[in-house]
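I opened this entry to record what I looked up, one topic at a time.

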Amino acid sequence: MSVPGTTAVDRIREPRGVGLRGVDPTLPVWIGAAAFVIFLILLPLGSIFVTSLYNETGLTLRNYLDVFIEKAYIKAIWNTLIISFWVGIIAVLIGSLLGWLLTRTDLPFKKSIRALVMASFVTPPFLGAFAWTLLAGPNAGLLNHWYRSLTGAETPLFNIFTMEGLIFVMAIYSFPYVFSMIANVCDLISSDLEDAANILGANKWKIALTITLPLTAPALLGGFIVAFLHSLSLFGAPAILGLPAGIHTITTQIWAFFQYPPRLDLAAAFSVPLLLATIGLIALQKKMLGRKGYSTVGGKGGQKRLLRLGMLRYPVLLLVLGILSLSVFLPYWILLKAALSKAWALPLTWDNFTWKNFAFAFFEYGDTQAAILNTFKLGILTATVGTLVATLLAYITNRQLLRGSRYLTFFIMAPLVIPGIVLAVGLFIAYTHPPIVLYGTIWILFVAYLTKEMPIGFSQTESTFKSIHPELEDATRIIGANRLRALKDVTVPLARSGLIAAWSFIFIGVIRELSASILLFTPKSKVVSVVIFDLKEEGQIGAIAVLGILLLAVSFLIILAVQWIVGRDVFVARN
Amino acid sequence: MKKSPNFILCALVLIWASNSWAQDAGVIEAAKKEAKVVWYTSLAIGSSTALAHFFMKKYPGIEVIVNRNGSQRVLQMVMQEATAGIKNVDVIHTSDAGHFVLLKGKGLLLQYAPKAAEIFPAGFKDRDGFYYGMRATLSVIAYNPKIVADKDAPKTWKDLLNGKWSGKEVTAHPGYSGIIMTHVLALVKQVGWEYFQDLAKNKLHIVQSANDPAGVVASGERPVGVNGAEYFYYKTLKQGNPIKIVYPKEGVPLVVSPTAISAAAPHPNAAKLFTEFILSKESQQVLADKEGLYTGHPEVTYPKDKPMLKDLKLLAVDADELDKRNAEIKKRFTELFGA
């Protein structure tokens, strides 16, 4: 999910700046869009920074001192680093294995497996974490229960309420990020080098290890960093699996700072290092990927031949399905079971069957209807506005309409490295006081989601525009249309499928968002993810399962609808 | 005219009664115009939803918006909204009496004397008339009889410290639940922080709500609950789950959960009507029958299979002390148990 750089061809084609063309009447639109996105990012981050430097006595470094001498807080940072490191490693192992298998080998049922990877990607990690508490709670967890009754053992097979459990769950919901990076790179590697090695007598496994692996190394490292960052920013999973075992992470600690009496100053001081760390990592990733480049990778010249797995074909398939059952089959099954049974731990017999959880979740419990409405309102609103703004921005950077559009890209992509909860701290500080009071309405959530989803919408529209030659636009403009008109009448219709994909990416991102929402909601502006979290704290297992299934069902419907409209798989990888 | 004093008294009573009836009708009328009452409550989701529906049936046209959360979260919400100048909440109900000392001190509560509360004992009424005890909850021990034999089960708070329960106990959190906040303070006053220090050695499973341990114990995830809301254990038991409740003879923490009206309530009349309603004998009896709660209402009767409060040794704590020690208790508990 890195920023696609502008290619040399584009640069030659497009004259720089607007000066050459005289004054462009649509200029205010471009400047407005650029200013809007810069404001969107700068206000919350500036607020955090300023707040972290003040307490009752005025300007001070005391907040930083308070945060970094308290043992419990240091522990939270340390926990987070350990967890994220292992999540990164495991996600790279799984993600690259699947990415390689699906692009370079003759593994059967590739399409279905891609769909399952997509399902892992769409599943909100907090929902997966919740499902795993039912599967692998040390005593009542069904997997442990079976294990004990099969083996007669006293101790559980696996306790999910541990660091290891937390790492495991976060990894199985982080690997799709690595997968899509690796799959894209593997798709591009031609078989020439592999052929050369083959001629020189290397067997296919040696080729995979000595040729393919080094070629994908930058992507592997990039994948590690993305998974690391993803895990760093998660709130729901550590809150559900870590807190019961007394394990705090940075995000749960920031959340705890908001409890009464709120310590916004400490929350801000705690957020700044997290922010610096993520920025540092992204810079590192850019540098690594930038230097190595893909000189051998890029280009379409060479042919791509699939490695024959031979006898291993079906054992490997089983392994892959085994991995995906951890993130998809098992959690979905237990959610469905919990939603339909009176007591989730007992077998789903006729006596244990009930629709009551659905009735309670949808009709009796007052919060849900309003929350469902809010969630979809916000999803549609954010996706629509987000796609629109992203389109304008991608157009600016792609056609280089403004001087310094390269720096604009930096601002647009910045939220990628801002953990949701940190963004929320900033927005909370910025928008609870005049001149702009958004707290207490769904608009603060809208701003949060719009900011958070901007990079995804942008990179999607960016790459779409890149594939559309400006010639047609130029033609339109020669016959008298202005830039906006050309964009609307020519480019956008051509970019239709890319824009629809951007819309649905944003929509799905919004309806599963928890880590920013958890600080920004008020009882009047609750969303489904927050209701699920609240229900979790009261142990309402059936109702959570019902709402979780709703979120998943809507996400899948959107994906199917998009694939039907666009007519191809726009999500996991380009075929 | 021998009977005149009596007659005058009768007339006065009549006038007063009709007057108050008129007042009631006026409140109902005004409440119907407001059409809505927003309730931030820590009463368990099922119970608060049931009570809201009960009200809506009695007063059609007035919608109750229930926002259920843990006591400490309810306070956090109320304070965040007050700071941001948001007027949303009408009626506030938590299980941490200290919250109401704090809110009253900050001028965030409306002084109101519900007629229904007149009959309540002094322990359920704020002396300045800002808040009233809507229910009484006990914090108790519970265990899963399918896993723990009755003879081995813990009978006292001290029994919970036994090393044989390591990895088998669950606690709720005072940083979330007012019941547990009160529970911790009551036991700290009784046996000191050393008790919790020793308890933490048993590597407890930590949940948030005082209602959550019931599910954890019933499913067998942890067979022993070291605290938790008695009414919720009772309700879970009544649904056919394997749970047994223990009322330790050393004393049972008694949590009186107040209700109050926000000073900035956007629907003040509906709030008053709702407050009268939840304190009325009718509602209080429903809380006792359907939700397994104790109440301050002296005329309410209780299910036969629940002990009478007068037969238990109750540990009560002072609301002012709860307010003062709130931060300390959260901090020490978190230090001892890790989160």
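**Entry 1: G128 of chain A**

I began with the contacts of one glycine: leaving aside residues up to four places away in sequence, G128(A) touches T123(A), V169(A), Y173(A), S327(A) and P331(A). I note that the model is predicted. I then looked up where the residue sits, and G128(A) belongs to helix α6 of chain A, residues 125-136.

Is G128(A) buried or exposed? I found 27 other C-beta atoms within 10 Å of G128(A), so the residue is buried; the cut-off for that class is 20 or more. I also checked a pair separated in sequence: G128(A) and I172(A) are 44 residues apart along the chain, and their C-alpha atoms are 9.0 Å apart in space.

**Entry 2: chain A as a whole**

I looked up the secondary structure of chain A and got 26 helices and two strands. The C-alpha trace of chain A spans about 75 × 70 × 50 Å along its principal axes. For 575 residues I would expect a compact globule to have a radius of gyration near 25 Å, and the 25 Å of chain A agrees with that. Of these 575 residues, 53% count as buried. I also took the contacts in chain A with a separation of 6 or more, and residues 24 or more positions apart account for 79% of them.

The crossing of α2(A) and α18(A) is left-handed. Which residues make the contact? On α2(A) I listed A34(A), V37(A), I38(A) and I41(A), and on α18(A) L408(A), F411(A) and I412(A). By class, the residues of this contact of α2(A) with α18(A) are seven nonpolar, no polar and no charged.

For the pair α16 (residues 356-364) and α26 (residues 541-566) of chain A, the axes come within 8 Å and cross at roughly 75 degrees. That makes α16(A) roughly perpendicular to α26(A). I listed N357(A), F358(A), F360(A) and A361(A) in α16(A), which meet G542(A), A543(A), A545(A), V546(A) and L547(A) in α26(A). The residues of the contact of α16(A) with α26(A) divide into seven nonpolar, two polar and no charged.

**Entry 3: chain B as a whole**

A compact globule of 339 residues would have a radius of gyration near 20 Å, and the 21 Å of chain B agrees. Buried residues make up 53% of the 339 residues in chain B. Among the contacts in chain B with a separation of 6 or more, 79% come from residues 24 or more positions apart.

**Entry 4: where chain A meets chain B**

How many residues does each chain give to the contact? I got 31 from chain A and 39 from chain B. On the side of chain A that touches chain B, the elements giving two or more residues are α17 (366-399) and α25 (528-538) of chain A. α25(A) gives the most to that side, with three residues. By class, the side of chain A that touches chain B has 14 nonpolar, eleven polar and six charged residues.

Methods
Residues are numbered from 1 along each chain as its sequence is written. Chains are lettered from A and ligands numbered from 1 in the order in which they are written. This is a predicted model: local features need pLDDT of at least 70, side-chain atom pairs count only at pLDDT 80 or more; totals for chains, interfaces and linings use all residues. The radius of gyration is taken over C-alpha atoms; the globule rule is 2.2 Å times the number of residues to the power 0.38. A residue is buried if 20 or more other C-beta atoms lie within 10 Å of its own, exposed if 12 or fewer, and partly exposed in between; C-beta atoms are placed from the backbone. Two residues are in contact if their C-beta atoms, placed from the backbone, lie within 7 Å. A crossing is left-handed if the near helix is turned anticlockwise from the far one by less than a right angle, and right-handed if clockwise. Helices (H or I, at least four residues) and strands (E, at least two) are DSSP runs, numbered from the N terminus. Ala, Val, Leu, Ile, Met, Phe, Trp, Tyr, Cys and Pro count as nonpolar, Asp, Glu, Lys and Arg as charged, and the others, Gly among them, as polar. Axes are lines fitted to C-alpha atoms, for helices over the stretch in contact, and angles run from 0 to 180 degrees between N-to-C directions. Angles under 35 degrees count as roughly parallel, over 145 as roughly antiparallel, 65 to 115 as roughly perpendicular and the rest as oblique.
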